[in-house]
Every structure is written in structure tokens, then in C-alpha cells.
Amino acid sequence: MAGETQKDRSDDTAADEAWIRAAGGEMAIRVRSLTSYLEKGGQVLAVRLIEDTEGLWSLWLRLADRPGEFRLNMFHSDAPRTYKDVALAIASIRDDFRYYGEITLATERRSSPAS
């Protein structure tokens, strides 16, 4: 709007800026935006943990009022938030994001063939 300064913008508008859509269609949300979303009554519907080839787990979420799946990014970064320990990731999902439903686990790691 004309004459509107950055300071005049609502908190909702500023928080929405952290919702990210990459060129490949991948969507992500930063931890701070997810926390704000949950504080305003938003809800996590589904969670998927994916282990990459290096053994790090990333968190993917489906949200109540937004279509698609969102990768969880770090607080001040567009890099994914990762966990080395799946138990720690699950604890974070329960404690930080108040989700107690089913969690799907998937892996991109492949075991080496037996000699």
C-alpha cells in the first residue's frame, strides 16, 4: 500500500514471508514461522522424517490449512533443519511442535552389497 512502511506491516505479513517455494516445486517453512503458525491455532496433520545418504534426518510436514508438504528449515536460514538422531527428531516433533500422531520414516541410504 502507498505510504505503508515496513514498521506498519502486520506480524502476519512478516511471518508469511518465511514460507518458501523453490523453483522445483519444493516447499519449506522456517522454524520461526511454524512456531508462529502453531501459536495462532495452526495444526500439523502429518510428519515424515527422511534420512539422507549422509545419515541426517530432515523433517517434512503437512499443515491443516496449506496444501502440500513442507520441509522444515532452520530458524534464520533456507537450509533444512537436520537431526543426527531420529529419537531427537521425534522428541522435537512432540515437544516443540505438539504433534503426537503417526510419523513416517523413509531413507535414501542404501546398504552396500555383502561381499
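**Exercise 1.** State what percentage of the residues in the chain of this predicted model is buried.

*Solution.* Begin with the chain length, which is 115 residues. A residue is called buried when its relative accessible area is under 20%. Buried residues make up 31% of the chain. Next, take the surface as a whole: the accessible surface comes to about 7,600 Å². Carbon and sulfur atoms account for 49% of that surface.

**Exercise 2.** Describe how confident the predictor is along the chain, and find where the pLDDT is below 50.

*Solution.* Start with the average: the mean pLDDT is 81. Then take the share of residues that reach 70 or more, which is 76%. Finally, look at residues 1-17, where the pLDDT is below 50. Leaving out near neighbours in sequence, this stretch has seven contacts in the model.

**Exercise 3.** Count the helices and strands, and give their order.

*Solution.* The chain has three helices and seven strands. Going along the sequence, their pattern is α-β-β-α-β-β-β-β-α-β. Now turn to contacts between residues at least 6 apart in sequence: 53% of these join residues at least 24 apart.

**Exercise 4.** Work out which residues of strand 2 lie on each side, and which strand is joined to strand 2 by four bridges.

*Solution.* Strand 2 covers residues 27-30. One side carries Met27 and Ile29, and the other carries Ala28 and Arg30. These residues are all buried, so both faces of the strand are covered. Next, find the partner: four bridges join strand 2 to strand 5, residues 66-73. The two strands run parallel. As one example of a bridge, Arg30 is partnered with Asn73 in strand 5.

How values were computed. Residues numbered from 1 in each chain as written. Predicted model: local features only at pLDDT ≥ 70, side-chain atom pairs only at ≥ 80, totals over all residues. Heavy atoms only, no water. pLDDT = per-residue confidence, 0-100. Contact = heavy atoms within 4.5 Å. Buried < 20%, exposed > 50% of the residue type's maximum accessible area, 1.4 Å probe, protein only. Pairing = 2+ DSSP bridges. Areas by Shrake-Rupley, 256 points an atom, 1.4 Å probe, with all protein chains shown as cover.
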